[in-house]
Amino acid sequence: MDLELTGKRVLVTGGSRGIGKAIARQLALEGADVAIAARNKTRIEATVAELSTESGRAIFGTTLDAANGNSITQMVQASADALGGIDILVNGAARPGGQATALRWDAVTEESLFEELQVKLLGYLRVAQAVVPYMIANHWGRIINLSGLAARQTGSVIGSVRNVAVAAMSKNLADELAPHGINVVTVHPGMTRTEATTPEVEARPPSNLVGRLIDSTEVAYVVAFLASPKSVAIDGDTITVGGGVPRVIYY
(Lines give C-alpha, C1' and ligand atoms only; values in the text may rest on other atoms or scores of the structure.)
Protein backbone atom coordinates (compact mmCIF):
# COMPACT_ATOMS: atom_id res chain seq x y z
CA MET A 1 0.00 0.00 0.00
CA ASP A 2 1.31 3.42 -0.94
CA LEU A 3 1.02 5.60 2.17
CA GLU A 4 1.34 8.74 0.03
CA LEU A 5 4.11 10.10 2.21
CA THR A 6 6.62 10.87 -0.54
CA GLY A 7 7.62 14.50 -0.24
CA LYS A 8 5.74 15.08 3.01
CA ARG A 9 7.60 17.25 5.52
CA VAL A 10 7.85 15.76 8.99
CA LEU A 11 9.01 17.00 12.38
CA VAL A 12 9.77 14.34 15.00
CA THR A 13 10.63 15.59 18.47
CA GLY A 14 12.61 13.14 20.54
CA GLY A 15 13.77 11.74 17.22
CA SER A 16 17.42 11.01 17.93
CA ARG A 17 16.88 7.65 19.62
CA GLY A 18 14.31 5.12 20.77
CA ILE A 19 10.77 5.12 19.42
CA GLY A 20 11.20 8.59 17.96
CA LYS A 21 14.22 7.53 15.92
CA ALA A 22 12.40 4.43 14.66
CA ILE A 23 9.49 6.62 13.56
CA ALA A 24 11.77 9.13 11.84
CA ARG A 25 13.48 6.25 10.01
CA GLN A 26 10.23 4.66 8.84
CA LEU A 27 8.77 7.94 7.62
CA ALA A 28 11.96 8.68 5.70
CA LEU A 29 11.89 5.19 4.17
CA GLU A 30 8.33 5.94 3.07
CA GLY A 31 9.63 8.97 1.17
CA ALA A 32 9.21 11.84 3.63
CA ASP A 33 11.79 14.49 4.43
CA VAL A 34 12.34 14.61 8.17
CA ALA A 35 13.55 17.06 10.79
CA ILE A 36 14.43 15.56 14.15
CA ALA A 37 14.76 17.49 17.40
CA ALA A 38 16.26 16.37 20.68
CA ARG A 39 18.53 17.54 23.49
CA ASN A 40 21.83 15.87 22.62
CA LYS A 41 23.59 17.51 19.65
CA THR A 42 26.08 14.67 19.15
CA ARG A 43 23.32 12.06 19.05
CA ILE A 44 21.29 14.24 16.65
CA GLU A 45 24.22 14.54 14.24
CA ALA A 46 24.82 10.79 14.29
CA THR A 47 21.14 10.04 13.66
CA VAL A 48 20.92 12.57 10.82
CA ALA A 49 23.92 10.98 9.11
CA GLU A 50 22.57 7.46 9.63
CA LEU A 51 19.05 8.13 8.37
CA SER A 52 20.23 10.24 5.43
CA THR A 53 22.42 7.40 4.20
CA GLU A 54 19.80 4.74 4.81
CA SER A 55 16.82 6.54 3.27
CA GLY A 56 18.29 8.88 0.68
CA ARG A 57 15.89 11.57 1.88
CA ALA A 58 16.63 15.01 3.30
CA ILE A 59 17.15 14.68 7.07
CA PHE A 60 17.75 17.68 9.32
CA GLY A 61 18.50 18.00 13.02
CA THR A 62 17.90 20.69 15.62
CA THR A 63 18.55 20.81 19.34
CA LEU A 64 15.56 21.16 21.66
CA ASP A 65 14.87 21.82 25.32
CA ALA A 66 11.23 20.74 25.54
CA ALA A 67 10.79 22.56 28.85
CA ASN A 68 11.73 25.91 27.33
CA GLY A 69 9.26 27.84 25.22
CA ASN A 70 11.91 29.87 23.39
CA SER A 71 13.82 26.72 22.50
CA ILE A 72 10.64 25.19 21.06
CA THR A 73 9.87 28.27 18.98
CA GLN A 74 13.40 28.40 17.57
CA MET A 75 13.41 24.66 16.85
CA VAL A 76 10.13 24.74 14.93
CA GLN A 77 11.24 27.76 12.91
CA ALA A 78 14.56 26.14 12.03
CA SER A 79 12.84 22.86 11.10
CA ALA A 80 10.24 24.59 8.94
CA ASP A 81 12.92 26.66 7.20
CA ALA A 82 14.96 23.54 6.46
CA LEU A 83 11.99 21.54 5.18
CA GLY A 84 10.10 24.37 3.50
CA GLY A 85 7.16 23.85 5.86
CA ILE A 86 5.76 21.13 8.11
CA ASP A 87 2.97 18.71 7.17
CA ILE A 88 3.30 16.12 9.93
CA LEU A 89 4.25 16.44 13.60
CA VAL A 90 5.20 13.52 15.82
CA ASN A 91 5.55 14.69 19.42
CA GLY A 92 7.84 12.38 21.37
CA ALA A 93 10.27 14.53 23.35
CA ALA A 94 9.68 13.23 26.87
CA ARG A 95 11.30 10.94 29.40
CA PRO A 96 10.46 7.30 28.58
CA GLY A 97 8.13 5.66 31.05
CA GLY A 98 8.43 2.20 32.54
CA GLN A 99 12.22 1.98 32.48
CA ALA A 100 12.75 2.90 36.12
CA THR A 101 10.89 2.16 39.34
CA ALA A 102 7.97 4.58 39.69
CA LEU A 103 7.72 6.87 42.69
CA ARG A 104 5.23 5.79 45.33
CA TRP A 105 2.26 8.10 45.77
CA ASP A 106 3.73 9.50 48.99
CA ALA A 107 7.08 10.26 47.30
CA VAL A 108 5.60 12.39 44.51
CA THR A 109 6.51 16.05 44.94
CA GLU A 110 5.24 19.17 43.22
CA GLU A 111 8.58 19.47 41.48
CA SER A 112 8.61 15.91 40.13
CA LEU A 113 5.03 16.11 38.87
CA PHE A 114 5.26 19.58 37.36
CA GLU A 115 8.56 18.77 35.64
CA GLU A 116 6.94 15.86 33.79
CA LEU A 117 3.88 17.91 32.88
CA GLN A 118 6.01 20.82 31.69
CA VAL A 119 8.08 18.64 29.37
CA LYS A 120 5.47 16.21 28.06
CA LEU A 121 2.09 17.96 28.23
CA LEU A 122 3.07 21.61 27.91
CA GLY A 123 6.01 20.78 25.65
CA TYR A 124 3.78 18.87 23.24
CA LEU A 125 1.22 21.67 23.27
CA ARG A 126 3.83 24.37 22.63
CA VAL A 127 5.27 22.46 19.68
CA ALA A 128 1.78 21.98 18.23
CA GLN A 129 1.00 25.67 18.67
CA ALA A 130 4.13 26.57 16.72
CA VAL A 131 3.60 23.96 13.97
CA VAL A 132 -0.15 24.24 13.32
CA PRO A 133 0.00 27.54 11.36
CA TYR A 134 2.06 25.76 8.67
CA MET A 135 -0.59 23.04 8.47
CA ILE A 136 -3.47 25.50 8.36
CA ALA A 137 -1.77 27.27 5.46
CA ASN A 138 -1.75 23.94 3.57
CA HIS A 139 -5.28 22.95 4.67
CA TRP A 140 -3.88 19.57 5.76
CA GLY A 141 -1.87 18.05 8.55
CA ARG A 142 -1.28 15.18 10.93
CA ILE A 143 -0.30 15.40 14.60
CA ILE A 144 0.62 12.20 16.45
CA ASN A 145 1.26 12.59 20.17
CA LEU A 146 3.19 9.72 21.76
CA SER A 147 1.87 9.01 25.23
CA GLY A 148 1.88 5.63 27.00
CA LEU A 149 -0.13 2.79 28.48
CA ALA A 150 0.41 4.19 31.99
CA ALA A 151 -2.68 6.23 31.07
CA ARG A 152 -4.73 3.02 31.42
CA GLN A 153 -3.21 1.41 34.48
CA THR A 154 -2.11 2.21 38.00
CA GLY A 155 1.38 1.93 39.41
CA SER A 156 2.69 5.43 38.71
CA VAL A 157 0.81 8.58 39.68
CA ILE A 158 3.05 10.72 37.50
CA GLY A 159 2.99 8.30 34.58
CA SER A 160 -0.78 8.03 34.59
CA VAL A 161 -1.41 11.76 35.02
CA ARG A 162 0.94 12.91 32.27
CA ASN A 163 -0.29 10.34 29.75
CA VAL A 164 -4.00 10.87 30.45
CA ALA A 165 -3.37 14.59 30.07
CA VAL A 166 -1.75 14.09 26.66
CA ALA A 167 -4.75 12.09 25.45
CA ALA A 168 -7.14 14.78 26.66
CA MET A 169 -5.11 17.50 24.97
CA SER A 170 -5.04 15.53 21.71
CA LYS A 171 -8.80 15.15 21.63
CA ASN A 172 -9.29 18.88 22.21
CA LEU A 173 -6.84 19.69 19.42
CA ALA A 174 -8.58 17.22 17.10
CA ASP A 175 -11.97 18.86 17.61
CA GLU A 176 -10.63 22.36 17.09
CA LEU A 177 -8.36 21.63 14.13
CA ALA A 178 -10.62 19.30 12.13
CA PRO A 179 -12.08 22.18 10.05
CA HIS A 180 -8.54 22.83 8.75
CA GLY A 181 -8.00 19.27 7.55
CA ILE A 182 -5.72 18.43 10.48
CA ASN A 183 -6.10 15.05 12.20
CA VAL A 184 -4.75 14.57 15.74
CA VAL A 185 -4.29 11.20 17.45
CA THR A 186 -2.63 9.81 20.56
CA VAL A 187 -0.48 6.69 20.43
CA HIS A 188 0.04 4.67 23.61
CA PRO A 189 3.14 2.47 23.36
CA GLY A 190 3.61 -0.13 26.06
CA MET A 191 6.96 -1.49 27.13
CA THR A 192 8.97 -1.21 23.92
CA ARG A 193 12.35 -2.55 22.87
CA THR A 194 14.77 0.15 21.75
CA GLU A 195 18.54 0.45 21.60
CA ALA A 196 18.40 1.67 25.22
CA THR A 197 16.50 -1.35 26.58
CA THR A 198 18.46 -2.98 29.39
CA PRO A 199 18.91 -6.74 29.88
CA GLU A 200 16.86 -6.43 33.07
CA VAL A 201 13.91 -5.02 31.13
CA GLU A 202 14.33 -7.64 28.41
CA ALA A 203 14.20 -10.36 31.07
CA ARG A 204 10.88 -9.27 32.55
CA PRO A 205 8.03 -11.71 31.89
CA PRO A 206 5.84 -10.29 29.09
CA SER A 207 2.45 -9.01 30.23
CA ASN A 208 0.89 -8.47 26.81
CA LEU A 209 -1.08 -10.83 24.59
CA VAL A 210 1.65 -11.38 22.00
CA GLY A 211 3.99 -12.69 24.70
CA ARG A 212 7.05 -10.56 23.92
CA LEU A 213 8.33 -7.02 23.89
CA ILE A 214 7.05 -4.89 21.03
CA ASP A 215 9.93 -3.45 19.01
CA SER A 216 10.19 0.26 18.28
CA THR A 217 10.04 -0.53 14.56
CA GLU A 218 6.61 -2.09 15.07
CA VAL A 219 5.40 1.09 16.76
CA ALA A 220 6.80 3.07 13.83
CA TYR A 221 4.77 1.04 11.33
CA VAL A 222 1.55 2.11 13.06
CA VAL A 223 2.62 5.75 13.30
CA ALA A 224 3.56 5.80 9.61
CA PHE A 225 0.01 4.84 8.71
CA LEU A 226 -1.46 7.41 11.10
CA ALA A 227 0.74 10.08 9.49
CA SER A 228 -0.51 9.27 6.01
CA PRO A 229 -3.45 10.72 4.09
CA LYS A 230 -4.97 7.23 4.15
CA SER A 231 -5.61 7.55 7.92
CA VAL A 232 -8.28 10.24 7.45
CA ALA A 233 -10.93 8.08 9.15
CA ILE A 234 -8.99 8.17 12.45
CA ASP A 235 -9.18 11.50 14.29
CA GLY A 236 -9.22 12.37 17.99
CA ASP A 237 -8.74 8.73 18.96
CA THR A 238 -6.15 6.88 20.99
CA ILE A 239 -4.31 3.92 19.45
CA THR A 240 -2.53 1.43 21.69
CA VAL A 241 0.57 -0.33 20.39
CA GLY A 242 1.62 -2.48 23.33
CA GLY A 243 0.87 -5.94 21.99
CA GLY A 244 -2.58 -6.24 23.54
CA VAL A 245 -3.69 -5.90 27.17
CA PRO A 246 -5.18 -9.11 28.62
CA ARG A 247 -8.47 -9.27 30.56
CA VAL A 248 -9.49 -5.68 29.80
CA ILE A 249 -12.28 -4.48 27.55
CA TYR A 250 -12.23 -0.96 26.04
CA TYR A 251 -15.26 0.18 24.11
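This section describes the salt bridges of a predicted model and the surroundings of its helix H3. Local features were required to have a pLDDT of at least 70 and side-chain atom pairs a pLDDT of 80 or more, whereas totals for chains, interfaces and linings use all residues. Residues are numbered from 1 along each chain as its sequence is written, and side-chain values use heavy atoms, with hydrogens and water left out.

With a salt bridge taken as a side-chain nitrogen of Lys or Arg within 4 Å of a carboxyl oxygen of Asp or Glu, the count comes to 15. One of these joins Lys21 and Glu50, whose closest N and O atoms are 2.9 Å apart. Because Lys21 lies in helix H1 (residues 18-29) and Glu50 in helix H2 (residues 41-55), this pair ties together parts that are 29 residues apart in sequence; helices (H or I, at least four residues) and strands (E, at least two) are DSSP runs, numbered from the N terminus. In terms of relative accessible area (buried, under 20%; exposed, over 50%; partly exposed, in between; 1.4 Å probe, protein chains only), Lys21 is buried at 14%, while Glu50 is partly exposed at 34%. A salt bridge is also formed between Glu54 and Arg25, with an N to O distance of 2.9 Å; since Glu54 belongs to H2 and Arg25 to H1, this pair likewise connects parts 29 residues apart in sequence. Both side chains are partly exposed, Glu54 at 41% and Arg25 at 22%. Asp106 and Arg104 form a further salt bridge, 2.9 Å from N to O, in which Asp106 is partly exposed at 45% and Arg104 is exposed at 51%. Through shared partners, salt bridges join Lys21, Arg25, Glu50 and Glu54 into one network.

Within H3, the residues Ser71, Ile72, Met75, Val76, Ser79, Ala80 and Leu83 are buried. They cover an arc of only 155° around the axis (from the directions of the C-beta atoms as seen from the helix axis) and therefore lie on the same side of H3. Asn70, Thr73, Gln74 and Asp81, on the other side, are exposed. The buried residues are covered by elements that include strands S1 (9-13), S2 (33-38) and S3 (59-63), together with helix H4 (110-138), contact being defined as heavy atoms within 4.5 Å. At the N-terminal end, H3 is capped by Asn68, a side-chain oxygen of which lies 2.9 Å from the backbone nitrogen of Asn70, and H3 is followed by Gly84, with a positive phi near 85°.

Notes: The expected span of a helix is 1.5 Å times one less than its number of residues. A polar contact is a pair of N or O atoms within 3.5 Å; within protein, one must be able to donate a hydrogen and the other to accept it, and residues adjacent in sequence count only if both atoms are side-chain atoms.
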